[in-house]
Amino acid sequence: MSTACTTDYIVDLSNHSNRLRLESAVPGRPLKVVVRDPAQPEGPALHGTGLLSADRKVFAIDIPVAGGMHHQTCDWATLSAALDAESEFD
């Protein structure tokens, strides 16, 4: 799982479909992102909406949580490097 993000939730790079969606991210086009709560990494996956910035520097994720919407940002270069490091096989 990636620690490229600035706040609580972790992008789940162990999920093959999630990696494929992230690898095909296009600036300005929202996509589904699977994240995990670091306090309960084995708990249920959470599904948020991610958006890559036009300059390809920031990946923003909105995650619906009990108290409303949680917004976090990730450094796209770091997240991309983590994607490259993952095996293509689950």
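The dialogue below concerns helix H1 and its neighbours.

Mentor: This is a predicted model, in which local features need pLDDT of at least 70 and side-chain atom pairs count only at pLDDT 80 or more, while totals for chains, interfaces and linings use all residues. Residues are numbered from 1 along each chain as its sequence is written, and side-chain values use heavy atoms, with hydrogens and water left out.

Trainee: Which residues of helix H1 are buried?

Mentor: Buried means under 20% relative accessible area (1.4 Å probe, protein chains only), and helices are DSSP runs of H or I with at least four residues. In H1, residues 16-23, the buried ones are Asn18, Arg19 and Leu22.

Trainee: What does the side chain of arginine 19 reach?

Mentor: A polar contact is a pair of N or O atoms within 3.5 Å; within protein, one must be able to donate a hydrogen and the other to accept it, and residues adjacent in sequence count only if both atoms are side-chain atoms. The arginine 19 side chain reaches the backbone oxygen of leucine 13 at 2.8 Å, and arginine 19 has a relative accessible area of 5%.

Trainee: Which residues of H2 does H1 meet?

Mentor: Contact means heavy atoms within 4.5 Å. Arg19, Leu22 and Glu23 in H1 meet Trp76, Leu79 and Leu83 in H2.

Methods:
Buried < 20%, exposed > 50% of the residue type's maximum accessible area, 1.4 Å probe, protein only. Helix = DSSP H or I, 4+ residues; strand = E, 2+ residues; numbered from the N terminus.
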